[in-house]
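Please look at the structure before reading on.

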Amino acid sequence: MTTFDTQAEKALRRETPTRDELLEVLTSTDDDLMDLVAAASRVRRRYFERRVKLNYLVNMKSGLCPEDCFYCSQRLGSQAEIVKYTWLKPDQTREAVSHGVKAGASRVCLVASGRGPTDRDVDRLAPAVAGIKDEYPGVEVCACLGLLSDGQADKLRDAGVDAYNHNLNTSEERYSDICTTHEFADRVETVEQAKHAGLSPCSGLIAGMKESDDDLIDALFALRELGPDSVPVNFLMPFDGTPLEGTWELTPQRCLRILAATRFVFPDVEVRLAGGREIHLRSLQPLALHIANSIFLGDYLTSEGQAGKDDLEMIVDAGFVVQGAGEPTLPGERHDLLKTRQRGAGTALPPNA
Ligand code: SF4
């Protein structure tokens, strides 16, 4: 039995790996790569079988952001040649959404650049969400609008939004190296607000920003503490005209190790292969499907992804199936975490106190 098999066994028991175990994953050699993928794949199959969830991004407001996140092409002062526009109208949003849903997406992610939404921005999302829910009742809607103020998460939930994405991106210690206009704690706070409002929390990371293995592990542990339902793993797309321009330090093998470490920390949580998969994993993308159970279909916020048709072919060729709309996001195996009360008031058994 390899050390990775032992980690897989722990993950199947939903035990959090130790820092040393994760370091072993992240520093493992290419000779051990297939053993690592096989071990992580066992965990993935146990909870998600052969399903791949498709998510579709709609950038509702692009560029022109006052924040300075160093990895972002939409940041203040970015010279990246991206398309910039202000809010899409509800019918433009529905039109964009329809392409993703028709291609098989069961979650649409409505994203807007900016530090965070105004109350008016939150209000303007409501008709778009209502239109999507009306037309595609089984499709989940995730909002990603930046830092939330008091009451905004409740308003989003009331508008029919199912989930909220806000990534931690990196470790707390390194946060000031990738952004100076807000803090790690602000991000944590927003994910907590979303969670407490009953929105499904989605929060992940960006790898390849000159972080150390320990930073990655710190970020994974911080995410685990937040208890997200889905964890997108982005690989830095180092746009020219941003501070991280020219930062090409990831290899396909490194990406697989990072995904495996993420799977061991989040055995029964949706791990999503997110931005940068095509340019960093390249021909090893199908192997990554054996670890992650979810991908973004088609294009990203400001860059183009591989053709949606190629994504679908890749999924089939690798022996996986697209998860249908209406199928639960969380695996059935997690339902045992929710137990109906059978003791205390109304029963013959003593209460739990
Ligand atoms: S990540 Fe979001 S908040 Fe940061 S610069 Fe980009 S759009 Fe603005």
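Q: Which residues does V269 touch, not counting residues up to four places away in sequence?
A: In this predicted model, V269 touches P228, D229, S230 and V231, when residues up to four places away in sequence are not counted. V269 itself is found in the loop between α10 and β8.

Q: Why is V269 called buried?
A: A residue is buried if 20 or more other C-beta atoms lie within 10 Å of its own. V269 has 24 other C-beta atoms within 10 Å, and therefore V269 is buried.

Q: Why does F264 count as buried?
A: The cut-off is 20 or more other C-beta atoms within 10 Å. F264 has 25 C-beta neighbours inside 10 Å, so F264 counts as buried. The place of F264 is in helix α10. Leaving aside neighbours within four places in sequence, F264 is in contact with Q7, A11, P17, L22, V25 and A40.

Q: How are two packed helices described?
A: They are described by the angle between their axes and the distance between the axes.

Q: What are these values for α3 and α10?
A: The axes of helix α3 (residues 33–48) and helix α10 (residues 252–265) come within 10 Å and cross at roughly 35°. The crossing in which α3 passes α10 is left-handed.

Q: Which residues make the contact of α3 with α10, and how do they divide by class?
A: From α3 the contact uses L33, L36, V37, A40, V43 and R44, and from α10 it uses Q253, L256, R257, A260, R263 and F264. The residues of this contact divide into 8 nonpolar, 1 polar and 3 charged.

Q: What radius of gyration would a compact globule with 353 residues have, and what does the protein have?
A: A compact globule with 353 residues would have a radius of gyration near 20 Å; the protein has 20 Å, so the value agrees. Along its principal axes, the C-alpha trace spans about 60 × 55 × 40 Å.

Q: What percentage of the residues in the protein is buried?
A: Buried residues make up 46% of the 353 residues.

Q: Which residues are around the ligand?
A: The residues around the ligand are C65, E67, C69, C72, Q74, R75, S113, R115 and G146. By class, this shell has 3 nonpolar, 3 polar and 3 charged residues.

Terms used. Residues are numbered from 1 along each chain as its sequence is written. This is a predicted model: local features need pLDDT of at least 70, side-chain atom pairs count only at pLDDT 80 or more; totals for chains, interfaces and linings use all residues. The radius of gyration is taken over C-alpha atoms; the globule rule is 2.2 Å times the number of residues to the power 0.38. A residue is buried if 20 or more other C-beta atoms lie within 10 Å of its own, exposed if 12 or fewer, and partly exposed in between; C-beta atoms are placed from the backbone. A residue is near a molecule or strand if its C-beta atom, placed from the backbone, lies within 6 Å of it. Ala, Val, Leu, Ile, Met, Phe, Trp, Tyr, Cys and Pro count as nonpolar, Asp, Glu, Lys and Arg as charged, and the others, Gly among them, as polar. Axes are lines fitted to C-alpha atoms, for helices over the stretch in contact, and angles run from 0 to 180 degrees between N-to-C directions. Helices (H or I, at least four residues) and strands (E, at least two) are DSSP runs, numbered from the N terminus. A crossing is left-handed if the near helix is turned anticlockwise from the far one by less than a right angle, and right-handed if clockwise. Two residues are in contact if their C-beta atoms, placed from the backbone, lie within 7 Å.
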